[in-house]
Amino acid sequence: MDMKNILKVSLVAVLALLVTTGTNAQSRKERKILYNSQYNYEIEPVGVGQDGTKVFKVWGYGKDVGAAVMNAKEAAVAACIFKGLPGGQGSAPTPAICSQPNAEVTNAEYFENFFKVGGKYLQYIALTNDGDPSGEDRLKIKKGYKVAIYVQVMYDQLRKQLEADGIARRLDAGF
């Protein structure tokens with residue numbers, strides 16, 4: 001191999017290394033942002049609940065199983081408020097209670113109190129399978145656990161409370 005070919009091979013190797021390193025660093029950063037996002041709710045409809053309630057499976061993250069279960073309960077109520085619920089398993093899609101963009105930022109102080117540890121959001125969770133999840137509903141990940149729980153949220157009561165507090169628009173409000 002002459003010097004010219006060695007330089008070409010070295011240049012290609014360095015370019016390949018730069019491209020793959022840059023791509024991995026960006027995707028890792030994006031994964032971290034996604035993991036920490038407050039909009040990262042993983043929800044799976046499981047059926048139709050009683051009137052005024054929504055039943056679904058929700059995933060939560062935490063350093064231990066107990067923390068992940070509490071995160072899942074918070075995510076269940078937050079999904080009803082900010083994101084809405086997907087349809088499936090006989091249930092129709094449900095829109096978010098707060099349809100205004102950036103409602104969580106506009107009413108940040110209200111939601112900080114609402115979602116604090118032991119906060120008011122817990123009163124809208126009617127039923128869960130609170131035991132430690134096992135099998136495919138309990139995954140050990142790099143920084144803790146990812147668990148799934150089945151939850152029933154009292155959707156209509158949650159909506160009425162947010163309307164009474166002036167956070168959500170009433171359904172009978174005009175445009």
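Is Lys-146 buried or exposed? Lys-146 counts as buried because its relative accessibility is 16%, where buried means under 20% relative accessible area, exposed means over 50%, and partly exposed lies in between (1.4 Å probe, protein chains only).

## About the model

This is a predicted model, in which local features need pLDDT of at least 70 and side-chain atom pairs count only at pLDDT 80 or more, while totals for chains, interfaces and linings use all residues. Residues are numbered from 1 along each chain as its sequence is written, and side-chain values use heavy atoms, leaving out hydrogens and water.

## Bridges across the chain

There are three salt bridges here, each a side-chain nitrogen of Lys or Arg within 4 Å of a carboxyl oxygen of Asp or Glu. One of them joins Lys-146 to Glu-42, with the closest N and O atoms 3.2 Å apart. Lys-146 sits in strand 5 and Glu-42 in the loop between helix 1 and strand 1, 104 residues apart. (Helices, H or I of at least four residues, and strands, E of at least two, are DSSP runs numbered from the N terminus.) Glu-42 is partly exposed, at 25%.

Asp-137 pairs with Lys-57 at 2.9 Å between the closest N and O atoms. These partners are 80 residues apart; Asp-137 is buried at 11%, and Lys-57 is buried at 5%.

## A bridge within a helix

Glu-163 and Arg-159 meet at 3.2 Å, N to O. Both lie in helix 5, four residues apart, about one turn of the helix, and both are buried.

## Cysteines

With a disulfide taken as two cysteine sulfur atoms within 2.5 Å, the count is zero. Cys-80 is buried at 0%, and Cys-98 is buried at 3%.
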